Amino acid sequence: MSEKPPISAQLPPTSAIDLPSNREFESWFEYPVRVQPHHTDYAGIVWHGTYLTWMEEARVECLRSIGIEFADLVALGCDLPVVELSIRYHRSIQLGMAVIVKTRMTEVTGVRINWDYGIVSPDEQQLYVTAKVTLVALDRERGKIMRQLPATVKDALAKISTLPNN
């Protein structure tokens with residue numbers, strides 16, 4: 001008998017009855033997607049790496065919605081690379097389906113920025129993916145982690161953070 005690996009405490013367990021609660025994704029930023037052929041494998045199922053692309057697109061659009069253009073970050077010499085990622089696939093998404101990528105920034109601690117994600121059906125009755133991503137502010141010129149976020153970025157992020165800034 002082989003032992004099962006421990007289930008991550010960070011993400012909810014996968015089950016055949018994974019249904020988001022009615023309020024679970026309330027007030028999250030929404031990024032609609034329709035599955036195109038280039039998003040899928042040969043069986044017409046969304047390829048696992050595609051979800052990462054959708055999450056990044058949703059994050060960039062969420063930042064844009066509060067006035068932070070990624071190009072402006074680059075001009076400031078700031079990059080926000082992913083340093084930690086946790087993703088759980090609850091059920092597959094197929095070619096032609098419409099889904100909503102929901103995201104919210106949960107915490108800014110120093111130069112670490114944490115985001116949560118949920119990919120759901122448009123009616124929010126089906127949960128396909130949940131994920132957590134941590135970014136850090138990187139000084140592009142020096143290639144080192146910044147000591148603090150640029151003030152303009154920190155102020156803008158404070159508008160959408162769900163937890164107090166440290």
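This is a predicted model: local features need pLDDT of at least 70, side-chain atom pairs count only at pLDDT 80 or more; totals for chains, interfaces and linings use all residues.

Author: Before we start on the sheet, a definition: two strands count as paired if DSSP finds at least two bridges between them.

Reader: In what order do the five strands of the open sheet come?
Author: The order is β1-β4-β5-β6-β3, and the pairing is antiparallel. The edge strands, each pairing on one side only, are β1 (29–34) and β3 (82–89), while the twist from one strand to the next averages 20°.

Reader: And what stands opposite Asn-114 in β6?
Author: That is Thr-134, and in the other pairing Asn-114 of β5 stands opposite Glu-107.

Reader: How many residues lie between the strands in the hairpin of β4 and β5?
Author: There are two residues between those strands, and in this hairpin Gly-110 takes a positive phi near 65°.

Reader: Changing topic, which strands does helix α1 lie across?
Author: Helix α1 (residues 48–65) lies across β1, β3, β4, β5 and β6, and it runs at about 135° to β1.

Reader: Which residues make the nonpolar surface patch?
Author: Leu-52, Val-82 and Leu-85 make it, with an area of about 230 Å², and Leu-85 has its place in strand β3.

Reader: Why is Leu-85 called partly exposed?
Author: Because its relative accessible area is 41%, which falls between the limits of under 20% for buried and over 50% for exposed.

Technical notes: Residues are numbered from 1 along each chain as its sequence is written. Side-chain values use heavy atoms; hydrogens and water are left out. Helices (H or I, at least four residues) and strands (E, at least two) are DSSP runs, numbered from the N terminus. Axes are lines fitted to C-alpha atoms, for helices over the stretch in contact, and angles run from 0 to 180 degrees between N-to-C directions. Contact means heavy atoms within 4.5 Å. Patches are made of residues with over 30% relative accessible area and no salt bridge: like charges are joined within 9 Å, nonpolar side chains (Val, Leu, Ile, Met, Phe, Trp, Tyr) within 5 Å. Accessible areas come from the Shrake-Rupley method with a 1.4 Å probe; for residues, only the protein chains shown count as cover. A salt bridge is a side-chain nitrogen of Lys or Arg within 4 Å of a carboxyl oxygen of Asp or Glu. Buried means under 20% relative accessible area, exposed over 50%, partly exposed in between (1.4 Å probe, protein chains only).
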